[in-house]
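Please view the sequence and the model together while reading.

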Amino acid sequence: MFTRCYRCFRPTKNCLCSNINPIHTGIKFIFLMHPREAFHQKTGTGRLAALSLDDSEIIIGIDFTNNKRLNELLDSHGEGAAYKPFLLYPDSSAVFTDSPEFRTSIGDLKPLVILVDATWFFAKKMIRLSKNLHNLPKLSFKNEYRSQFQFKKQPEQACLSTIETSFYLLEEFKTAGIVSSSVDPRGLMTVFNQMVNHQLACEQARQMEEAKVLNPELFNR
């Protein structure tokens, strides 16, 4: 009988939870997750990233304009008063972690980084619909990175999975001195690589079974 781990949301036999060691970064991460990523995506790197990061939350939806939890975190007079929110998004107005503008805007507040966990097509739609995201300052990568997603084709080389995005962002936070040098985010990539290796093994097994059906004589000698 098929069973699922409702923590990492993977099939129980392929659960990765035992390999996840959450790290404390001093950054608040919010993953705005499209329903397709939450319930229909086999890889689910956003969920793995959230499980790997202390003080992170997943909020599922498409239009977050009236989302109570997100608005609580963005409220400059309520709970959100403790945070300085940024939307991680490539834009000409975006700042980098080591820029003076970023440090000045944070002050004594805790950075709150909002990541949109969806395909590029759906991510743009989610941002367009969510009016409470429109005026947030944007944060982007200073460096260029390439995805290591070997079995999933990305629309562009620079497009990263959500867990890779989290890893590289933490590396830039460390370089900028905003996250302690003692923080080791490599566990994110360890879990990611384990997932990738499992998917590759499944694909190889599937191809082998197809080959046996198409060319049985090659396997019956």
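A nonpolar patch of about 240 Å² of accessible area lies on the surface and is formed together by Phe39, Ile58 and Ile60. The model is predicted. The points below begin with a member of this patch and proceed to the strands and the salt bridges.

- Isoleucine 58 is part of strand β2.
- Its relative accessibility is 31%, so isoleucine 58 counts as partly exposed.

**Strand β1 and its partners**
- Strand β1 covers residues 28-33, and six of its six residues are buried.
- Lys28, Ile30 and Leu32 lie on one side of β1, while Phe29, Phe31 and Met33 lie on the other.
- With strand β4 (residues 110-117), β1 pairs in the parallel sense over six bridges; phenylalanine 29 has valine 113 as its bridge partner there.
- With strand β2 (residues 56-60), β1 pairs in the parallel sense over five bridges; here the bridge partner of isoleucine 30 is glutamate 57.

**Salt bridges**
- The structure contains nine salt bridges.
- In one of them, glutamate 57 and lysine 28 have their closest N and O atoms 2.7 Å apart.
- Glutamate 57 belongs to strand β2 and lysine 28 to strand β1, so this pair ties together parts 29 residues apart in sequence.
- Both glutamate 57 and lysine 28 are buried.
- Aspartate 55 forms a salt bridge with lysine 110, with the closest N and O atoms 2.4 Å apart.
- Aspartate 55 sits in the loop between α2 (45-52) and β2, and lysine 110 in strand β4, 55 residues apart.
- A network of salt bridges links Lys28, Asp55, Glu57, Arg69, Glu72, Glu79 and Lys110.

Methods
Residues are numbered from 1 along each chain as its sequence is written. This is a predicted model: local features need pLDDT of at least 70, side-chain atom pairs count only at pLDDT 80 or more; totals for chains, interfaces and linings use all residues. Side-chain values use heavy atoms; hydrogens and water are left out. Buried means under 20% relative accessible area, exposed over 50%, partly exposed in between (1.4 Å probe, protein chains only). Helices (H or I, at least four residues) and strands (E, at least two) are DSSP runs, numbered from the N terminus. Two strands pair if DSSP finds at least two bridges between them. Patches are made of residues with over 30% relative accessible area and no salt bridge: like charges are joined within 9 Å, nonpolar side chains (Val, Leu, Ile, Met, Phe, Trp, Tyr) within 5 Å. Accessible areas come from the Shrake-Rupley method with a 1.4 Å probe; for residues, only the protein chains shown count as cover. A salt bridge is a side-chain nitrogen of Lys or Arg within 4 Å of a carboxyl oxygen of Asp or Glu.
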